[in-house]
Amino acid sequence: MEEIKIPNVLNVLPVKGGVVFPNMTIPIVIKEKNIQNLIDDALKKEKLVITLTQKDEKVQNPMFKDLYHTGTITMILRMMRAPDGTMRLIMQGIKRAKVKKILKEKPYLVAEIEEIEEIAKEKDEKETEALKANVLNLLKDIVQNIPYVPEDFLIIAMNISEPGKLADFVAGYMQFPVEEKQKVLEIQDETRRLRYVLKLLAQEKEVISLSQKIREEISEKIDKEQREYYLRQQLKAIQKELGEVDEKTKEVEELREKIKEAGMPEEVEEVALKEVSKLERIPPGMPEYTVVRNYIDWLLALPWARETKDNLDLKRAQKTLDEDHFNLERVKDRILEFLAVRTLKKGEVKGPILCFVGPPGVGKTSLGKSIARALGRKFIRMSLGGVRDEAEIRGHRRTYVGALPGRIVQGIRQAGTKNPVFMLDEIDKVGMDFRGDPSAALLEVLDPEQNHSFSDHYLEVPFDLSKVFFIATANTTYTIPPPLLDRMEVIEIPGYIEYEKLEIAKKYLVPREIEANGLVGYKIEFKDSAIRKIIREYTREAGVRNLEKKIGSVLRKIAVEIAKGKKFNKLIITEKEIEKYLGAPIFFSETKAREGLPGVATGMAWTPTGGEILFIESTKMPGGKNLILTGQLGDVMRESAQAALSIIRSKVKELAISPDFWNKYDIHIHVPEGAVPKDGPSAGVTMLASLVSLLKEKPVNPEIAMTGEITLRGRVMPVGGIKEKVLAAKRAGIKEIILPKLNQKDLAEIPDYAKKDLKFHFVENVDEVLKVIFKDGRKNKIKRRKK
């Protein structure tokens with residue numbers, strides 16, 4: 001072969017995913033236009049380029065830093081242009097070389113190169129022959145187990161005598177990693193190069209042996225499974241021909257059919273089918289069989305795709321809500337808003353999460369049933385009172401004996417649809433102990449951003465709760481954790497006034513109790529005055545629960561009379577009959593009992609069960625400089641009494657009070673119902689009014705009620721619970737109410753009919769309070785009323 005003259009400047013051809021070795025002939029396909037230009041320029045000269053391997057084959061348009069610096073001077077033997085625009089080359093490696101420096105980078109790389117001479121040190125011929133023999137023996141073993149090596153590969157290798165060329169030949173055609181091939185290219189010493197190739201061949205053989213072993217194991221397993229499958233199919237065919245059906249097989253097939261028809265999400269269906277396969281392998285007598293079967297039954301029982309269609313008729317919904325409950329306009333408006341959004345959006349709307357807060361007996365729970373009826377949905381109620389175990393909400397893991405899903409999932413199963421109205425009753429009474437915090441578990445249930453994939457510990461698959469209409473009920477928000485309260489839309493349902501109770505009794509309670517006591521066929525009518533007597537003298541509550549009980553008690557007495565033979569065309573129940581059936585009145589108007597007594601003032605208080613009125617009584621006795629406070633008063637209320645006394649002592653001249661009263665008398669302030677703890681700053685103005693009335697010996701009209709915090713400078717500060725307090729005052733027959741000026745805005749929340757016949761005084765300081773309670777003619781009016 002004619003010796004090729006190699007110039008010291010050559011175009012650089014980057015190579016991806018392989019290394020070109022001397023004496024190696026390879027095909028190369030070129031798509032890039034700039035590389036095609038590089039080849040065209042090389043063909044015009046010596047037809048030589050230097051091939052350098054890319055370090056990362058993912059890099060497009062590599063620069064010199066992306067290439068190894070040692071490569072091979074390569075000759076272009078043949079070039080063809082394909083119809084698809086690619087250039088196809090046949091190239092042959094000539095000699096090792098390395099780049100000294102880059103001369104040009106655009107439009108392609110041009111470099112100054114330096115040839116690398118082969119190093120053939122004095123070597124032991126026997127060692128070289130032993131290396132060659134080992135290489136060839138390993139090649140024989142490898143060639144038999146890998147398909148990509150051509151048949152004549154081993155024959156060619158056996159005819160190569162030079163160790164360096166043999167190493168290049170083997171490294172060039174074996175599928176060694178590119179990094180290892182590059183190391184072989186960079187080794188100049190022939191013997192050392194062959195020894196490195198021998199090491200790579202030994203590693204390759206080990207990998208091939210392991211792969212062969214794995215293939216045999218897999219093949220054996222597949223063969224065994226196929227054999228079992230064919231035997232089962234044959235057994236089924238034989239049983240079918242004989243008319244015999246294996247009960248377990250039949251059960252498993254039925255479960256698979258049910259799973260496919262259940263409408264489960266793909267991931268849930270996959271879990272269910274996996275459990276059925278497990279069930280198929282477990283003998284029915286094993287305890288695990290029952291555990292797996294129960295789990296599958298729970299998955300099948302849940303309404304993955306079943307839901308009721310909402311009745312979007314707003315007029316019908318309004319009518320349904322009005323039929324069941326009087327007033328409660330805010331709640332009814334919220335339900336109508338939900339239906340309106342559903343109608344306009346014409347798509348999926350996340351179920352609202354409401355929290356009804358109000359005293360007992362105002363209809364929170366029954367309101368949930370009414371909402372379900374108005375929407376045309378199923379209704380589920382879950383009582384949370386006294387729940388202390390997180391597993392009650394999330395369920396137990398299946399590792400426990402007798403494990404079950406939590407009550408949320410149980411309720412959904414009971415409803416049979418994925419969009420029921422779900423009532424969480426008494427959410428303010430959830431507790432916690434060593435078994436966990438149920439309120440923390442409820443965070444996911446009541447979070448619209450999370451409950452679309454609620455995961456029960458028993459099921460361990462996500463269930464969509466986003467379409468459930470959750471309604472929580474509570475008597476107070478103070479015991480609900482703030483993160484849980486933040487997830488709910490709170491709607492306050494205040495206590496009822498006498499007018500509302502009367503209407504509720506006439507429209508709902510009396511008809512319901514007549515039906516409950518078997519008196520439907522009898523004409524029984526309650527006079528309004530009779531119902532008012534029950535409200536005023538036999539019940540004292542914010543709701544109507546006890547009112548219903550008393551009406552029921554009257555009707556049961558009538559039922560006894562009818563059962564004994566009493567006959568009538570129509571029975572009208574008046575005030576006289578009420579006392580006959582219910583006995584002596586239980587409650588009386590304390591405002592009338594306390595009229596004309598100096599030192600008594602009427603206050604208003606907020607409680608978790610609604611508002612109440614309270615009386616603050618003061619008296620004085622010989623002594624000096626002692627303030628006695630009784631009635632289970634908290635620290636804040638005690639401080640209010642001390643502040644009221646300090647204000648009076650600082651204003652003795654303006655109030656026309658004896659300046660030495662504090663030196664002559666001990667002052668005793670008492671708040672009746674001493675067994676009930678009381679606290680808060682809102683009784684400040686009432687305490688001050690009581691003390692001034694005592695010291696001036698002027699009575700305060702008990703039909704004036706007041707509330708407000710006082711400061712030492714005599715300012716009247718705003719307080720909370722105005723709505724509940726005003727309603728309580730209305731129920732108690734109060735005529736005038738004194739409120740802090742800054743609480744005037746709170747009256748907007750109170751219905752107009754509740755404010756009717758009430759006179760409000762808004763005050764900024766204690767002087768204005770005293771002007772209201774001691775205005776001219778007040779004392780005479782009280783005396784005339786006493787006559």
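Trainee: Which residues have the most contacts inside the largest nonpolar core?

Mentor: Keep in mind that the model is predicted. The largest nonpolar core has 53 residues, and its largest share, 7 residues, comes from helix H9 (residues 287-301). Apart from it lies another core, of 51 residues, with Leu375, Ile493, Val510 and Leu555 among them. In the largest core, the residues with the most contacts are Leu424 and Ile427.

Trainee: Leaving aside neighbours within four places in sequence, which residues is Ile427 in contact with?

Mentor: Nonpolar side chains tend to be buried together in soluble globular proteins. Ile427 belongs to the largest nonpolar core. With neighbours within four places in sequence left aside, its contacts are Leu384, Leu442, Leu446, Ala472, Thr473, Ala474, Ile480, Leu484 and Met488.

Trainee: Is Ser640 buried or exposed?

Mentor: Ser640 lies in helix H22 (residues 635-650). Not counting residues up to four places away in sequence, Ser640 touches Gly680, Pro681, Gly684, Met687 and Ile710. Its relative accessibility is 8%, and the cut-off for burial is under 20%, so Ser640 counts as buried.

Trainee: Which residue in E6 is the bridge partner of Lys98?

Mentor: Strand E6 (residues 110-115) pairs in the antiparallel sense with strand E1 (residues 9-15) over 3 bridges, and there Ala111 is the bridge partner of Leu10. E6 also pairs in the antiparallel sense with strand E5 (residues 87-104), over 6 bridges. A hairpin through 5 residues joins E5 to E6. For Lys98, the bridge partner in E6 is Glu114.

Trainee: What kind of peptide bond joins Lys106 and Pro107?

Mentor: Pro107 is found in the loop between E5 and E6. Most peptide bonds are trans. Between Lys106 and Pro107, omega is about 0°, and the bond is cis.

Trainee: Is Lys47 buried or partly exposed?

Mentor: Lys47 lies in the loop between helix H1 (33-43) and strand E3 (48-53). Its phi is near 65°, a positive value in a residue other than glycine. With a relative accessible area of 40%, Lys47 falls between the 20% and 50% cut-offs and is therefore partly exposed.

Trainee: What is the phi of Asn61?

Mentor: Asn61 lies in the loop between E3 and strand E4 (70-81). Asn61 is exposed, with a relative accessible area of 55%. Most residues other than glycine have a negative phi. Asn61 is not a glycine, yet its phi is positive, at about 50°.

Trainee: Which residues are the closest to the centre of the second largest pocket?

Mentor: The second largest pocket holds about 600 Å³ of space. Its lining is made up of 26 residues, and the closest to its centre are Gly361, Val362, Gly363, Ser366 and Arg512.

Trainee: Which elements give two or more residues to that lining?

Mentor: By class, the lining of the second largest pocket has 9 nonpolar, 7 polar and 10 charged residues. The elements that give two or more residues to this lining are helix H12 (364-375), helix H17 (498-516) and helix H19 (545-563).

Methods: Residues numbered from 1 in each chain as written. Predicted model: local features only at pLDDT ≥ 70, side-chain atom pairs only at ≥ 80, totals over all residues. Heavy atoms only, no water. 1 Å grid on protein atoms, 1.4 Å probe; cavity = no way out; pocket = protein on both sides within 12 Å on 5 of 7 lines; lining within 4 Å. Points joined across faces, edges and corners; volume = space filled by probe spheres on them. Helix = DSSP H or I, 4+ residues; strand = E, 2+ residues; numbered from the N terminus. Nonpolar A, V, L, I, M, F, W, Y, C, P; charged D, E, K, R; others polar. Core = buried A, V, L, I, M, F, W, Y, C linked by side-chain atoms within 4.5 Å. Buried < 20%, exposed > 50% of the residue type's maximum accessible area, 1.4 Å probe, protein only. Contact = heavy atoms within 4.5 Å. Pairing = 2+ DSSP bridges.
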